[in-house]
Amino acid sequence: MEIVSVLFLVLVGIVSYNSYYVHKKHQYWKRRGVPSMSTWEILVQSVKLWLGRTHVWMIFMEMHDAFRGHKYGGSFQMVRPSLVLRDPGLLIRSVLVNNFSNFHDRHNMELSENDPVHWDLVHLRGPRWNQVRQKAAQAFSSVKLRLLYQTLLDCARELDAHIMRLCLEQGQEGAEFCVNELMSNYSMEVIGASALGIKCNAIQNPECQLRRVLELSMKFSFRRFSIWTLESICPGLSGKLGFRMHESAIIQFFRSIIKDVEAMKRKDTEPNRKDFLQILMNLRDSEQQSGAKTDEDSAATGSILTETVMLGAISSFLSVGYEAVASTLVFCLYELAFHPELQHKLLQEVRRVHAEAGGGISFEDTRKLQFMEQVISETLRKYPVSAIIGRCCTEPFQIPDTTVVVEKDVMCFISILALHYDPKHFPDPETFDPDRFAQENLDKIVPGSYLPFGDGPRSCIANRLVVMIVKTMLMTLIPNYTFHPSARTPRRMEFDVTRFMLAPKANLQLRLQRRK
Ligand code: HEM
């Protein structure tokens, strides 16, 4: 209770200071001839955010719309000037790809050793990010993905068997399901297998503790927002005050599960495991052969996969992966339920590829599921679960064809959601239309306007894994079931403002009918 009161007082101070400062600083963007938000608008947004009445991605979507007619617009992230980038061609590609060396970090906050869960690729900065990215990327290569394919298929078959059992239990040819629950359990199984190489049994046993911890670790709370606010005003202060984003119980849980799984793996004689933890362990073993055993040794020998980095990498794979995959699967099935003609087209494609393969669909054959890929791309257009991209300016950058210089430490934000719903880039954006991504239409997509996985060297490391997870699920379920909205399925999707990522607000009920 006391900590909440202290945080509340700190916040009141911050709001007052922020409004005074932003007002005074308002001239910052005006002086540079950049259109910007008013002090009042920024204050209203901050208060709504603190009260949990809006979400960061909603705010950025509103800002994107407010700067209509401009290529970029100025705002403030607390007391720091920030830019909202709207123009895909000129600016967005420059920042994410062409001038990456001026924008290689996502923020300029200090990472506290107290909170190793934060030492992940999303938050690491500078050369350390680069080194860890090179190592982690090895786990997402085609070769590794190919080795994981059978595991993903096994998970999908288990889901299929589970649904079949539930249908039979209900004594019908079909049944109504809470699709959020079903997909969260499935995502837990798939992510547990890909990250740790373990079987969570989450499809049958939803009360899995790991899942509960992952949900907690991705929740947007007043406490977390307060710490983030403090950190963005005064980098390093929250760590010095002993505050951390992740509660110690969460950190402890991740620490012990990784330790237990590592110990289990050390006894395991199966050499060909290709889960993320196993790959990192192998890489770390080769580093340790060169002498580093602890974090201190690692610092001395320049080793990269320190205990802290390993903990950050694994815990973020679990939490980011679990949440992002679960929501994407729900959004995909939700849209298919309203489009029986797309389900029919998918069925024909799966049957064709199956017949051509002369049996089961292999990893290589999945590339032939072109229409399925279009459905997945369109799902990620309408529902880009990671809806905002941020980059921190690490070296001053002059916006091309202007005199405006983006100064060091200015944050640049891109609203993926706003770009994906901009009728200029995607006509009739509310309509779910996979043909936007048909081969003959691809050249109509403006580079930089479609960014479900971001772009450039810091784009999502797991994009191909994600597509493979969705594909293995669809190619297993589509031949056996049709999906339908039930009387309780909302016709309009609403999003949950308490989650970090885009997630459905309501529990969505869908009816699944077994195919004859
Ligand atoms: C539907 C699922 C997912 C979507 C839509 C998604 C989207 C994104 C986006 C937009 C970014 C930021 C890219 C940028 O700043 O340019 C990102 C970064 C990242 N994602 Fe994903 N992601 C998904 C699933 C996953 C999964 C399953 C993992 C598990 C490993 C993952 C790991 C990461 C990491 C580590 C980064 C940071 C990369 C870096 O900075 O080097 N994502 N993701």
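This is a predicted model: local features need pLDDT of at least 70, side-chain atom pairs count only at pLDDT 80 or more; totals for chains, interfaces and linings use all residues.
Residues are numbered from 1 along each chain as its sequence is written. Local features need pLDDT of at least 70 and side-chain atom pairs count only at pLDDT 80 or more, whereas totals for chains, interfaces and linings use all residues.

Reader: Why does Cys 460 count as partly exposed?

Author: A residue is buried if 20 or more other C-beta atoms, placed from the backbone, lie within 10 Å of its own, exposed if 12 or fewer, and partly exposed in between. Cys 460 has 19 C-beta neighbours inside 10 Å, and therefore counts as partly exposed.

Reader: Which residues come nearest to the ligand?

Author: Among them is Cys 460, together with Gly 321, Ala 324, Gly 454 and Ala 462. The UniProt annotation "binding site", from an unreviewed entry, covers Cys 460; such annotations may be inferred rather than shown by experiment.

Reader: How do you know that the span of helix 12 agrees with its number of residues?

Author: The expected span is 1.5 Å times one less than the number of residues. The 20 residues of helix 12 (a DSSP run of H or I, at least four residues) should therefore span 28 Å, and its end C-alpha atoms are 29 Å apart, which agrees.

Reader: What puts the buried residues on the same side of helix 12?

Author: The buried residues are Ile 251, Phe 253, Phe 254, Ile 257, Ile 258 and Val 261. They cover an arc (of the directions from the helix axis to the C-beta atoms) of only 160 degrees, so they lie on the same side of helix 12.

Notes:
A residue is near a molecule or strand if its C-beta atom, placed from the backbone, lies within 6 Å of it. Helices (H or I, at least four residues) and strands (E, at least two) are DSSP runs, numbered from the N terminus.
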